[in-house]
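Colleague: I'd like to learn how to read a model like this one, feature by feature. Could you walk me through it?

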Amino acid sequence: MSSKPHTHAQWSSRLAFTLAAVGSSVGLGNIWKFPYMTGESGGGAFVLVYLVCILLIGLPILMSEWLLGRLGQKNPISTMSNISARLKRSPAWVLIGVAGVLGAYLILSFYSVIGGWALAFIADAATGSFESLTADTAGSLFGGLLSNPATLLAWHSAFMLMVILVVAGGVAGGLERAAKILMPLLAVMLIMLVGYAATTDGFGEAAAWLLTPDFSKLDKDGVLAAMGHAFFTLSLGMGIMMAYGSYLSDDVNIGRTALIVVVLDTVIALLAGLAIFPVVFSNGLDAAAGPGLIFQTLPLAFGQMPGGEVFGVMFFVLLVFAAWTSGISLLEPIVEWLEEKTPMSRVASAWVAGIATWLLGIATILSFNVWSDVSPLGMFGKFEGMTVFDLLDYATSKLMLPLTGLATIVFVGWFMGRDEVRSQLNMSDSAFSLWSFVARYIAPIGVVVVFASSL
Ligand code: PFF
Ligand code: NA
C-alpha cells in the first residue's frame, strides 16, 4: 500500500489506531478535570471557550502531530530532528520532542495520584460506603481520604504499578482491544448518570448554567485554563499523538480520524458535566469545590439512586480503566526515550521511569494534606496560595502544552512545504485552504492572544 520505507510496524487497522488515540485522550481529563475546572470558572462561558479552543486549536494541532509523526516514522525527538534536517530548518525544533517527555513526566506524577483516588472509590463503592450519604458525609468521605498520606500513597502506588506493568510488558495492545468494549460502556454509564441527574430538581438549573455563557463569570485566567485544558484533554503538546502518528498507515484519513477522536473526547466531557452539576445544584454543593468535585458528588448520586452500589462500582472501575489507558500513554514516551538514550532494556526503563514518576507523585499527595499551606512560588503574587500540585498543573496545562502545541502548528503551517502537508492531509482544495488558514493564522494567534492577555 505504502511506498515509503517504514521503520516499524504499522497499526494493523485504522480501528486499532483510533482506539489507542481515544484511549490516550479519554481519561481523568474528561471526567475529573473538566467538571471541576468548569465549576471553578463559572460554567457556560468556560465551556464555550473550551469548545472553541478544541475546534480551532486542538483539532488542527492534533492533525499536525499525526502528520509529523507519519512523516517522521520515529519517536517525537527523532521525528522533529529528521524532518527539520531534511527541510534545512533549525535543529532547535527537536525541543518540541524534548518538552514532550518532560511534560509527560510531570503530568503522570499527579495523574497517578488522582487515578489512585478513583481506585480508592472502587473499594468505597464496593463496601457500601455510598449508602445514605448526605452532602456533609460525602464531603467527609473524600476529606478522610485526602487527609491520609499513607492511604493516598498506597493507591498511588497501585495505580503506578498497573501502568508500569503494562508498559514493561509491552502489552498495551490487549488493553486497547478491551477499550473497544469498556469505553462505550463508560459512555453508557455516563448517559445513565445524566438520566438519573435529569430526575433531580437541580437538572434544569445545572443545564442552563452549563450551556448559557455568562462572560462576566469568566476571567482571563479562566480563558487560559480553557485553552490549556483543550491541550490536556486531547493529549496534545507532549509528542504522544506524534508518536502514535508514526504508526499510522498512509491510507488513513487524518482529518476524519482526528474529528472522531475530538468528538468522542468532547462528548464524554460534556456528559460528565451534565451528570455532575445537577447533583451539585440539587444538594447545595459548591460547584467550585476544586479537584475533589466528582469524588464528592458522584458518591452522593450513587448513594441515592436505585442500584447505586452496583453502578458505583462499575463506574469507578471504568473510570480507572480510562485513566489507566491514558497513564500508559504518558509513561510510554519517557520509557522509549530512556530505552534509546541508555543501555537499559525496556523492562528496566519502564521501572526506572515509573519509579521516578511515582516519587514525584509524593509531592502531589502531600499537597492535599501536610503541605496544603506550602506555596513554593508564593512570593510571586500570581502564584500565591498555589500548592506543588497546583504548580505542576499550571506549568503543564497552562504553559508547556500550549507552548509546545504552538511550536508544532507553527512548524507545520509556516516551515513545511504546502504540498507535503497537503498530500499528508489528502483534502479537497477548499477544505485544505480552510485548514491552512486555521493552522497558519487562527490557531497560533489564538494561543498567543490567550497567553498575552493572561500575563
Ligand atoms: N488526555 C488525558 C485525559 O484527558 O485524561 C490526559 C493526558 C494523557 C494528557 C496523555 C496528556 C497526555 F499526553
Ligand atoms: Na481527554
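**Reading the model**

Modeller: Let's start with a pair of helices: H10 and H16 cross in a left-handed way. Left-handed here says that the near helix is turned anticlockwise from the far one by less than a right angle, and clockwise would be right-handed. Helices (H or I, at least four residues) and strands (E, at least two) are DSSP runs, numbered from the N terminus.

Colleague: What is the angle between H10 and H16, and how far apart are their axes?

Modeller: Axes are lines fitted to C-alpha atoms, for helices over the stretch in contact, and angles run from 0 to 180 degrees between N-to-C directions. H10 packs against H16 (residues 388–414) at about 60°, and the axes are 9 Å apart. That angle makes H10 oblique to H16; under 35 degrees counts as roughly parallel, over 145 as roughly antiparallel, 65 to 115 as roughly perpendicular and the rest as oblique.

Colleague: Before we go on, what kind of model is this, and how is it numbered?

Modeller: It's a predicted model: local features need pLDDT of at least 70, side-chain atom pairs count only at pLDDT 80 or more, and totals for chains, interfaces and linings use all residues. Residues are numbered from 1 along each chain as its sequence is written, while chains are lettered from A and ligands numbered from 1 in the order in which they are written.

Colleague: Which residues come nearest to ligand 1?

Modeller: A residue is near a molecule or strand if its C-beta atom, placed from the backbone, lies within 6 Å of it. There are 16 residues around ligand 1, and Gly-27, Gly-29, Ser-235, Met-238 and Ile-240 come nearest. Helices H1 (14–25), H2 (28–40), H5 (95–126), H10 (220–233) and H14 (308–341) each give two or more residues to that shell. By type, the shell has seven nonpolar residues, nine polar and no charged. For that tally, Ala, Val, Leu, Ile, Met, Phe, Trp, Tyr, Cys and Pro count as nonpolar, Asp, Glu, Lys and Arg as charged, and the others, Gly among them, as polar.

Colleague: How many residues does H14 have, and how many of them are buried?

Modeller: Buried is a neighbour count: 20 or more other C-beta atoms within 10 Å of a residue's own, with 12 or fewer for exposed and partly exposed in between, C-beta atoms being placed from the backbone. In H14, 26 of the 34 residues are buried. H14 spans 49 Å from first C-alpha to last, close to the 50 Å expected at 1.5 Å a residue, the expected span being 1.5 Å times one less than the number of residues. Leu-338 sits in H14 and counts as partly exposed, with 19 C-beta neighbours inside 10 Å.

Colleague: Is Lys-33 buried or exposed?

Modeller: Lys-33, in helix H2, is buried because 24 C-beta neighbours lie inside 10 Å. Gly-405 in H16 is buried too, with 29 other C-beta atoms within 10 Å. Gly-405 and Ile-61 are 344 residues apart in sequence, yet their C-alpha atoms are 6.5 Å apart.

Colleague: And what is phi of Lys-88?

Modeller: Near 55°, a positive value for Lys-88, a residue other than glycine. Lys-88 is in the loop between H4 (76–86) and H5, and Lys-88 is exposed, with 7 other C-beta atoms within 10 Å. Ser-132 also has a positive phi, near 50°; Ser-132 lies in the loop between H5 and H6 (135–146).
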